[in-house]
Amino acid sequence: RYRTAFNNAIDSLPDQNKHPGGAYVTFAIALTSFVNADTFEDAVVNAVNRGGDTDTQASVTGAFAGAFWGLAQIPERWAREINPLSRNQIAHTAQQLYVATAN
């Protein structure tokens with residue numbers, strides 16, 4: 001079922017070589033980078049290595065990967081680079097989103 005939904009999403013997207021950039025291509029790269037990875041780090045690195053709008057692709061991929069693997073899977077060396085105040089705000093926002101969707 002999961003693979004069917006994934007294949008349908010990918011098949012409905014425009015060819016990224018014909019339509020570089022934009023939401024469809026970002027979504028396609030993020031989704032394929034996430035699905036073809038075994039870890040949070042692999043997913044984000046895969047998205048960046050595709051080239052193009054790498055910061056947006058990595059952000060969307062990170063959202064997929066974070067929702068799937070959780071905060072603990074973000075590499076510590078990456079997390080250390082985030083300002084402590086930002087890190088607390090991210091954790092607070094994530095908790096609020098979790099609570100909002102749990103109802």
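At what angle do helix H2 (residues 22–35) and H3 pack? Select both and look along them. The angle is about 140 degrees, and the axes lie 8 Å apart. Axes are lines fitted to C-alpha atoms, for helices over the stretch in contact, and angles run from 0 to 180 degrees between N-to-C directions. Helices (H or I, at least four residues) are DSSP runs, numbered from the N terminus.

That angle makes H2 oblique to H3. Angles under 35 degrees count as roughly parallel, over 145 as roughly antiparallel, 65 to 115 as roughly perpendicular and the rest as oblique.

Before you go on: this is a predicted model, in which local features need pLDDT of at least 70, side-chain atom pairs count only at pLDDT 80 or more, and totals for chains, interfaces and linings use all residues. Residues are numbered from 1 along each chain as its sequence is written, and side-chain values use heavy atoms, with hydrogens and water left out.

**Stop 1: H2 and H3**

Show the side chains. Ile 29, Ser 33 and Phe 34 of H2 meet Ala 43, Asn 46 and Ala 47 of H3. Contact means heavy atoms within 4.5 Å. This contact has four nonpolar, two polar and no charged residues. Here Ala, Val, Leu, Ile, Met, Phe, Trp, Tyr, Cys and Pro count as nonpolar, Asp, Glu, Lys and Arg as charged, and the others, Gly among them, as polar.

**Stop 2**

**Stop 3: H3 and H4**

Now hide H2. The axes of H3 and H4 come within 8 Å and cross at roughly 160 degrees. The two helices are therefore roughly antiparallel to each other. Phe 40, Ala 43, Val 44, Ala 47 and Val 48 are the H3 residues here. Their partners in H4 include Thr 54, Gly 62 and Trp 69. By class, this contact has eight nonpolar, five polar and no charged residues.

**Stop 4: the largest pocket**

Which residues lie nearest the centre of the largest pocket? Select Gly 62, Gly 66, Leu 71, Ile 74 and Ile 90. They belong to a lining of 22 residues. Helix H3 (40–49), helix H4 (54–69), helix H5 (76–79) and helix H6 (84–102) each supply at least two lining residues. Colour the lining by class: 15 are nonpolar, five polar and two charged.

A pocket is an open set of points on a 1 Å grid over the protein atoms alone, where a 1.4 Å probe fits, with protein on both sides within 12 Å along at least five of seven lines; lining residues have an atom within 4 Å of a point.
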